[in-house]
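This report describes selected local features of one protein model. The sequence and the structure are shown first.

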Amino acid sequence: MNIKRLQESLEKLNEYTDGGPGINRLAYTNTEKQAKEYLKGLFEQEGLMVKMDAVGNIIARREGANPDLSSVAIGSHIDSVYEAGRFDGTVGVMTGLELIRSMNEQSITTEHPVEVISFASEESSRFGMATMGSKAMAGLLNPEDISDLTDKDDISLKDAFREHSLDIDKMHEARRSSREFKSFLELHIEQGPVLENEDKQIGIVTGIAGPTRFTLQISGQASHSGTTPMGYRHDALLGASEVALALESIAHSEASNDTVATIGVCEVKPGGMNIVPGEVDLKVDIRGTSAASREKVVTYLFNTIKSVERSRQLTITSSKLADEPSVDMSEDTIASLQEICDSNDYAYRLMPSGAGHDAMNMARLCPAGLVFIPSKNGVSHNPEEFTSWEQIETGINLMESQVLKSAKIVE
Ligand SMILES: [Zn+2]
């Protein structure tokens with residue numbers, strides 16, 4: 001394992017970015033296409049079979065002693081959000097590359113083939129759908145879910161595919177079967193503050209939280225802010241505030257289950273300084289790996305809504321935007337990762353992932369594992385995103401041990 005070599009390749013990869021602060025390498029753009037070509041070249045230099053599949057995933061395969069055996073796969077993504085950091089996704093893909101280089105250097109032969117996968121369009125920034133590449137691979141993508149997707153410049157996904165030398169009508173060909181995989185592993189930056197604050201080098205993810213999302217429309221009575229005495233008001237924003245604070249308090253009480261709740265969108269209408277708010281639209285995002293805990297938060301939220309409606313004489317309507325199950329990581333993989341951490345004295349903790357990752361879709365195909373390394377100040381999706389090379393090195397060492405254990409070295 002050569003961290004300097006990985007650093008150089010990762011920095012080169014990050015030269016493929018459109019202008020502006022941070023990294024701008026959005027899915028299916030020309031810049032991302034060039035980055036994929038660069039990546040492909042690196043794997044080809046290592047003597048691997050490399051292909052781009054029907055959804056734009058890059059798959060590099062190092063044959064095993066027995067090519068009929070299922071693959072041990074490792075991967076992440078190289079597409080980015082707008083004004084992204086340098087490490088989100090890229091660390092996981094470059095880890096795969098470094099493992100291959102290291103295996104080649106040591107002339108290691110494995111029983112099982114090893115695949116490195118760079119998943120297409122993991123970020124939802126361009127087309128509004130996240131983890132598209134791994135969804136397609138796991139057979140979780142319906143043609144009707146994607147046929148109407150467009151970006152902010154009204155470019156359709158179909159046209160973006162064509163620019164990428166892909167045919168959207170053939171996307172189903174990216175689907176693979178469970179039989180092809182023995183296991184999947186992903187190394188990713190945490191994108192949160194926990195590891196750094198607890199002084200841990202490694203986070204072994206137990207499950208990936210599913211989101212439950214609602215829009216709430218709170219209707220009161222818009223009126224003159226000067227002439228409507230306090231006792232005569234039906235202020236929608238004050239109702240929304242009560243709902244928001246109640247949501248915070250129930251989520252706090254569910255902290256031991258790692259459930260979190262957020263209201264990230266609040267639109268006040270008509271939105272005048274001299275008008276008592278008549279309507280407020282909220283977007284609520286509740287996430288957790290415990291379905292029971294999430295349910296408890298939702299129930300409390302709707303009880304609060306009823307009581308706020310009564311006490312403030314407001315009308316609150318809701319519609320559910322999403323309710324996705326959480327995904328467990330493989331218990332065997334978790335145990336094996338723990339064992340490696342223990343024997344190498346890596347400071348680690350078990351933790352949930354609040355964010356979605358490609359590993360959650362790959363978990364449909366095979367036992368999957370997800371490992372986090374610390375993010376400085378918990379910052380991500382931001383040019384300030386930072387993980388030290390030393391921290392990355394620990395992550396790679398763990399991945400290397402796990403991949404070799406799973407793929408089995410031929411003595
Ligand atoms: Zn990512």
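Thr-29 is found in the loop that runs between helix 1 (3-13) and helix 2 (30-45). The model is predicted. With a relative accessible area of 16%, Thr-29 is buried, because this value falls under 20%. Beyond residues up to four places away in sequence, Thr-29 touches Asp-18, Arg-126 and His-164.

Asp-79 is placed in the loop between strand 3 and helix 3. Asp-79 also counts as buried, at 1% relative accessibility. Leaving aside neighbours within four places in sequence, the contacts of Asp-79 are Arg-25, Ala-27, Glu-32, Phe-119, Ser-121, Glu-122 and Glu-123. The C-alpha atoms of Asp-79 and Lys-33 are separated by 9.6 Å, and these residues are 46 residues apart along the chain. The side chain of Asp-79 also reaches two backbone nitrogens, as tabulated below.

| Side chain | Backbone nitrogen reached | Distance |
|---|---|---|
| Asp-79 | Glu-122 | 3.0 Å |
| Asp-79 | Glu-123 | 2.9 Å |

The zinc ion is coordinated at 1.9 to 2.1 Å by His-77 (NE2), Asp-88 (OD) and His-188 (NE2). Along the chain, the donors of the zinc ion follow the spacing H-x10-D-x99-H. Asp-88 lies in the loop between strand 3 (71-77) and helix 3 (90-105), and His-188 lies in strand 5 (residues 181-189), so the pair ties together parts that are 100 residues apart in sequence. Both Asp-88 and His-188 are buried.

An unreviewed UniProt entry places the feature "domain: Peptidase M20 dimerisation" at residues 210-307. This span is 36% helix and 35% strand, and its end C-alpha atoms lie 28 Å apart.

Methods:
Residues numbered from 1 in each chain as written. Predicted model: local features only at pLDDT ≥ 70, side-chain atom pairs only at ≥ 80, totals over all residues. Heavy atoms only, no water. UniProt positions renumbered as here; feature names shortened; annotations may be inferred. Helix = DSSP H or I, 4+ residues; strand = E, 2+ residues; numbered from the N terminus. Donors = N, O, S within 2.8 Å, 3.2 Å for Na, K, Ca; no water. Buried < 20%, exposed > 50% of the residue type's maximum accessible area, 1.4 Å probe, protein only. Contact = heavy atoms within 4.5 Å. Polar contact = N/O pair within 3.5 Å; in protein donor to acceptor, adjacent residues only side chain to side chain.
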